[in-house]
Structures are given as C-alpha cells and as structure tokens.
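Please keep the sequence and the structure in view while reading.

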Amino acid sequence: MKAALAPSRGESGYHVTTPGSTGGKMATRVLQIVANSLKQTRNAVRTNGQFTLTTRGLSASHNRNREDSWFKSLFVRKVDPRKDAHSQLLAKKEETNLYKIQFHNVKPECLDAYNKLCEEVLPSINTDSHYPCELIGTWNTWYGEQDQAVHLWRYRGGYPALTEAMNKLMQNKVFLEYRNERGKMLLSRRNQLLLEFSFWNEPTPRPGPNIYELRSYQLRPGTMIEWGNYWARAIEFRQQNSEAVGGFFSQIGSLYMVHHLWAYKDLQSREDTRNAAWRHDGWDEVVYYTVPLIQHMDSRIMIPMKTSPLK
C-alpha cells in the first residue's frame, strides 16, 4: 500500500508535498527552488519600487536584466513618438490641395447614358472659374470592377474650397438636374477625401491616348509614415517613362488608404515598364519592406471618358 502524501510548508511559505520516494523528494526540491526564486523576485520588486514582467522560465538573478531585454526585443517594436499628423508629415506644404475621388457603380444598361450625361455637365463645372474645383480625370473601369465610373477632383484651398464649391453647386439647377438623373442610373456610390504625397508630381492634363491604372492599397493602421518613407525613394524608379501621374492618401472615407495613379500607352507598355523597375538596384528592397504593410490591394485599368483632362 502506497504511503499517503502529507502536505508540508516549504521555507518560502508555499505548500509542497512530501512523498516517500526519491522522485518525490526531487520534485519537492524543484518546487522549493522555484518558490525561492519567486520570493527573491518579489523582494527585488519591493526594493526597487518597480514592476517587472516574469515569464514561465526563471533564470538566475544576475542574468535577469539581459534575458528580459532579449525577450522583449522579440515582441516590442520601437516606434519614435511623433506629435505631427500624417497630413503634416507626408503632404505638400507649398499648396493646400484637397482631392476627392468618386466611385460610381452604374447599372449595366445605363452606362452609355451615364457617360453622356457626365460629358455634358462635368466639363462646364471644370472650366467655370466660379467654382474652386478642377476635374483631374474621369474614367470607366476596363479591367477590375465592371460598369464603374471613377472621377478625381482637386480643390485648391483645401476644405474651405470644398465647402464653397458644394454650396455653389447646390444653387446650380443644371447640376441638381444632373445629380437627380444620375441617381436613377447608379447601383451604389462612394467617395474619399485625399491629400497628395509630397514626393509625387501633381497630376496635370496629358495628351492621349493612354490607359490608366489606379492601384489602391489598404494599409495596416499605423504604417502610413513607414509607407511614405519607402515610396519617397521608390518613386525615383518609376518616373523614367513619365508613367507616374499622382499619389494620394485618404483623410476621410476608408482610412489608411493609398492610391497610386499611373499612365501607360497600352497593357504591353504597362508590363514592360513594371518589369523594368526590377532592374533598378533598390526596387526589390522597397517591395520587400512595403508588402507587409498592406492589408488589401486592388488594381483597376481605366479608360478616360471623352472629356477627361487626363486623356
């Protein structure tokens, strides 16, 4: 018959069991060592007036600081504290430009009528100096989400210019009729307010014919500055053929969203240009370090409407 295990109290004050076997004595000794280590750690905390994080594996006290530092380095990413907003660090300082991008999903049977309506109304707003806004480009999606129109507007003067333009348009009967007719043709619509990256060139009208690629990246929260730092160098690799049109990041709408707008003569030109970037030293490094920052990405190939300033 096995001897019963009698509870006893170790010198640390923690309960241990004392079986009548060599294995039991060894287990008791191990528990006492662990208890003593916990006691020493608790006394050190009281002495120094600090709290430390203990792990399941305990080491000798003279190695504790070194091992704690190593352990924390596996999980803690050092980030320099900043008091600046993304808009102050990444956007252009010389001009206060605000951009609005609109995505309109059109009923398939209404796409031609929708395009004709836009071509009749939008250019008149763009050329009228009464409105502090400019139509940068207007497109139909060719590859990507189908039966979709994309419009990009610029407001020189920031949010006050946006407010002024919208207030004036609400007094424009032609625009109100356009908006009413447009609503009958749409399945859904959404928009975002954007700022332009300081290291991208400003979008300007260009002759055609061109196709345009809108690459949209949903970044992981907190990584916008890191993205901007890498792309400030990467853009040098992608301006050889003047394909870079504009780069933007969201302020209102889907947040931590980046849009890169590129122009190409055709799909083969796009393929050749993108492949050529890999021959530049440093491009592979940019890709390696920016891909982990992305949660989701999307690409649209777009065809300009007849009245688009970006042809």
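A crossing is left-handed if the near helix is turned anticlockwise from the far one by less than a right angle, and right-handed if clockwise. The model discussed here is predicted, so that local features need pLDDT of at least 70 and side-chain atom pairs count only at pLDDT 80 or more, while totals for chains, interfaces and linings use all residues. Residues are numbered from 1 along each chain as its sequence is written, and side-chain values use heavy atoms, with hydrogens and water left out.

Two packed helices are described by the angle between their axes and the distance between the axes. Here helix α4 (residues 111-127) and helix α6 (residues 173-185) have axes that come within 11 Å and cross at roughly 155°. Because of this angle α4 is roughly antiparallel to α6 (under 35 degrees is roughly parallel, over 145 roughly antiparallel, 65 to 115 roughly perpendicular and the rest oblique). The crossing of α4 past α6 is left-handed. On the side of α4, the contact (heavy atoms within 4.5 Å) is made by A113, Y114, L117, C118, V121, L122 and I125; α6 contributes V174, F175, Y178, E181, R182 and M185. By class, the residues of this contact comprise 11 nonpolar, no polar and 2 charged; Ala, Val, Leu, Ile, Met, Phe, Trp, Tyr, Cys and Pro count as nonpolar, Asp, Glu, Lys and Arg as charged, and the others, Gly among them, as polar.

Which residues of helix α5 (residues 159-169) are buried? They are A161, L162, A165 and L169, where buried means under 20% relative accessible area, exposed over 50%, and partly exposed in between (1.4 Å probe, protein chains only). These residues lie on the same side of α5, because they cover an arc of only 100° around the axis. The partners against which the buried residues of α5 pack are β3 (97-106), α4, β5 (148-156), α6 and β6 (186-196).

Most residues other than glycine have a negative phi, and most peptide bonds are trans. In the loop between β4 (134-143) and β5, D147 has a positive phi near 55°; D147 is partly exposed, with a relative accessible area of 26%. A positive phi near 55° is also found for Y256, which is placed in the loop between β8 (244-252) and β9 (257-264) and is partly exposed at 25% relative accessibility. Finally, G208 and P209 are joined by a cis peptide bond with omega about 0°, and P209 belongs to the loop between β6 and β7 (211-219).

Methods: Axes fitted to C-alpha atoms, helices over the stretch in contact; angles between N-to-C directions. Helix = DSSP H or I, 4+ residues; strand = E, 2+ residues; numbered from the N terminus. Arc of directions from axis to C-beta.
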